[in-house]
Structures are given as structure tokens and as C-alpha cells.
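Take a look at the protein chain shown here. Read the report alongside it, and find each residue as it comes up.

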Amino acid sequence: MQSQSQSPAVEMSELFPYVQGPALRTSQAHDKALEVTWDNADTARYSYRWLRDHCACPECRHPMTRERLYKPLGDENFLNAHPEAAVEDGVLVLRWADGHESRFDAGWLHQRRPETHIDDGVPRAVAWPEGFTPAHVPHAEMMGGNQGRREWLTALLRDGLVLLDDGPRELEEVVRIAELFGPMRATNFGARFDVQSKPNPNNAAYTAIGLELHSDLPNWRHPPDIQLLYCLENEAEGGESLFADGFAVAEALRHEAPDVFLRLRDTPIDFRFQDEDSDIAVRAPVIDVDDTGRLREIRFNNWIRDTLRLPPEEADAWYEAYLIFWQRLREPRFRVDFALEPGQMVAFDNRRVLHGRGAFDPNTGRRHLQGTYLDIDHLESHLRVLARHASTAAPATPTTSTNETGVF
């Protein structure tokens, strides 16, 4: 096995460390794929087309941008690719019919065996266990170095909810925090917004009434990913913050009431926000999954559900499923409640974790939060870079994919 500090045998136009891994021992040609064996007896098969497409030489990958230059459509030999293969000094060397030579690092190939998952530092979402309490990270640690920032990001992406403690009571601090990771996501409410009761509100958040658990802006084609809420003042009676793990509720329904899950997954409904300046609408289901059935997002906001355009029988069945989901959100096993303190910030995944607020009495004290949204891509990117730097001394090892309990 190569030393962790040793340079890779072949430059593969990849910044994430791939040096750690067993050396290649042999290669064996098959009709449409090449089988390789490493010193630890691991084996893998790679399509010849895949190998040609992933050549990382300077002709096929730009040496500065690391972007692909090779174009399969322009290669008349691509579909019938069948190179001569050899393992030379632990490196896989392929010589193609047109004379092109490709070289593959043993560690890079081992990381990319078809059945493996590369741990790039971004955690998978994990369901809240009963009695869950969110992680707390001190403001000074998050702002002061990579370790605190990595801890905060990991908790947010894993749990969908994290708290930042002991920050300054300063206007626009939420902006300073957000811009550590990327540009703020602007909506019809602006890029940064104030949450406080005000006259003539165009949103329930700007009143003192209690807010049922909901996701923000489900009427957008792509609702905001991450919401930051920074508490500047919270002296009023009431106004506790409420959160529920929407993914955990959906998964519970998938197993305990599959007909309810399927009804909310397979029935798109209309969401719409309208005021004097905006009319933003979309049609989408409450529960959305990807092609593998993995949960992708929850859209739940009773205020801005628009007209339910369903036949009577379907409408009645949908209402039954909707009320069951809503009631589950209120169950203690799926939710946490707490009061934000001045200088404290909560961050949560708006497309997974639903949030709400208890009613408060504005006559008993001031309550002022500032908020903004961020795209999750920026946070995942930031965490990958931090993990990449941390992995220089100890590169992450790829693992075989598993169905872990509580992992979405």
C-alpha cells in the first residue's frame, strides 16, 4: 500500500486525495470491460468506454481547470474501444487503436470501483432519534477556524438543524455569516429579511400570531434550501421556535401507512403566493423523491396552498392523507421546541425540516430576528474543501454502500 504522504503515481486531475490504496497487481481483458485486481485481492470491472472517457492526460483533461476536453462524439473508435492493457510499475496503462495512451493511478481507480461510495466529507441525512437535541457550536469557533466551521456544517447537513451560540447582538451579523459560504439566495422578500411584527404585513411571519409547522416558499419551483435565522431581540412572552423532521415523518408513513405516503407523493397540488407585486405559483407534491425513491424534499405550507384541483373522490383521499401527515408532524418524537436567545442563530434545511413559532405578545417586549437563505450547494462545496484539506494527512477511504438505519 502506498504511503499516505506519497505523491500519486499518476496525476488524475483530481484535488480530493486518492493516494491511499492498494497497488494494482493484474489486468484481464474481457469482451466489453477490463477487470483489474489489486494487491489486497479487491477486483473491479470497468467498461472500455468508461476508461477512454476518464483518461486524465493533458489532451483529455484541461491541466488548469481539470475540465474534460475529450469528446466521445468526435472519436470514431469510442463505441468499439478495446485497448491493449498492462500494469506497469503499479499503474494501469492502456494503449488505444488510434495510438493514444491513458494511464490510471491505482488509488484513483480503487476509489472509483462501481460498488463503492467515496466519503467526500458531506454526511448523509440522518433521521432524528426520539429525544433529539440539535448540536450547538460557539459563534467564536465557527468564525475563528476550519474546525468549528466543519462541525457546524456537518451537523446542519446531517441533522438538518443546528444552533450557533453566543454571537454578537449586531444588525447584519446573519449576512456576515451567510457570506462565509456564498451569496445569499434572494426571493420576493429580498436577500435578507427581518422577522418582526409590523403593520400591513404581506406574510404571516410578520405578525405576532402562532405559525404552524411549514416549509418556506413551496410555491417556488426550487424553494430555498437552507434558512438562517439570527436572533437580535427576544423579550416578548411566547414566540418559542418549533421544528419537525419532515423526512422522518415521511419515512415513518412510508412504512406505517404506505397508502398515505403514496397519496402525498403521487398527487401534485398547487402552491401560490400573491401580493401587489408578486404572483409566484408552482404545482408539486407534498412529498418528493428521486428516481431511487430517496426523499428529496417536503413542501408543506397550509397558508399558501392554492385551489385543490382534484375530482371529489381524489380530493377527499388527499385531505385524509394530508391531515395524517400534519398530525404526525406534531408528534413529540419528530419535533423539538426551544426559545432562541439574543445572539443565537438557528440554521435548518428548509426542504427537510419544517419550522413554526408560538404566538407572542408584542406588548410584553421586543422580538426581532434577521434571516436569509443559502443554496445547499455552497455549503456542501465548503465542507468538501474542508474535508479535502483535512484528508491530506489521512485520505478518506471509499466504502461499500449500505442501508444504514436512520439514514435517508
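**The chain as a whole**

This is a predicted model. The chain averages a pLDDT of 92, and 92% of the residues score at least 70. Residues 1-5 fall below 50 on that scale. Beyond near neighbours in sequence, this stretch has 12 contacts in the model. Where pLDDT is low, the predicted coordinates should not be read in detail.

The secondary structure comes to 9 helices and 24 strands. Along the principal axes, the C-alpha atoms fill a box of roughly 80 × 55 × 40 Å. The chain has 408 residues, and 50% of them count as buried. Now take the contacts between residues at least 6 apart in sequence. Of these, 73% join residues at least 24 apart.

**The largest pocket**

Rolling a probe the size of a water molecule over the atoms shows where empty space is left. The largest pocket holds about 670 Å³ of space. Its lining is made up of 26 residues. Nearest the centre of the pocket lie Arg 294, Leu 295, Asp 349, Ile 376 and Glu 380.

Which elements each supply at least two residues of the lining? They are helix H4 (146-159), strand E18 (295-298) and helix H9 (376-390). H9 gives the most, with 4 residues. By class, the lining has 12 charged, 11 nonpolar and 3 polar residues.

| Residue | Relative accessibility | Class |
|---|---|---|
| Asp 89 | 82% | exposed |
| Glu 172 | 28% | partly exposed |
| Glu 173 | 4% | buried |
| Ala 387 | 1% | buried |

**Two positive phi angles**

Asp 89 sits in the loop between strand E4 (84-88) and strand E5 (91-95). Phi of Asp 89 is near 55 degrees, a positive value in a residue other than glycine. Asp 89 counts as exposed because its relative accessibility is 82%, and the cut-off for exposed is over 50%.

Glu 172 also has a positive phi, about 75 degrees, although it is not a glycine. The loop that holds Glu 172 runs between strand E9 (161-165) and helix H5 (173-178). Is Glu 172 buried, partly exposed or exposed? At 28% relative accessibility, Glu 172 counts as partly exposed.

**Glu 173 in helix H5**

Glu 173 has its place in helix H5. Why does Glu 173 count as buried? Its relative accessibility is 4%, and buried means under 20%. The side chain of Glu 173 makes a polar contact with the side chain of Arg 176, at 2.8 Å. Leave aside the neighbours within four places in sequence, and Glu 173 is in contact with His 139, Met 143, Pro 168 and Tyr 230.

At 1% relative accessibility, Ala 387 counts as buried. What does Ala 387 touch, not counting residues up to four places away in sequence? The residues are Phe 16, Asp 120, Gly 121 and Arg 150. Look at Gly 121 in particular. Ala 387 and Gly 121 are 266 residues apart in sequence. In space, their C-alpha atoms are 5.2 Å apart.

Notes
Residues are numbered from 1 along each chain as its sequence is written. Side-chain values use heavy atoms; hydrogens and water are left out. On a 1 Å grid over the protein atoms alone, a cavity is a set of points where a 1.4 Å probe fits but cannot get out, and a pocket is an open set with protein on both sides within 12 Å along at least five of seven lines; lining residues have an atom within 4 Å of a point. Grid points are joined across faces, edges and corners, and a volume is the space filled by probe spheres set on the points. Ala, Val, Leu, Ile, Met, Phe, Trp, Tyr, Cys and Pro count as nonpolar, Asp, Glu, Lys and Arg as charged, and the others, Gly among them, as polar. pLDDT is the predictor's confidence in each residue, from 0 to 100. Contact means heavy atoms within 4.5 Å. Buried means under 20% relative accessible area, exposed over 50%, partly exposed in between (1.4 Å probe, protein chains only). A polar contact is a pair of N or O atoms within 3.5 Å; within protein, one must be able to donate a hydrogen and the other to accept it, and residues adjacent in sequence count only if both atoms are side-chain atoms.
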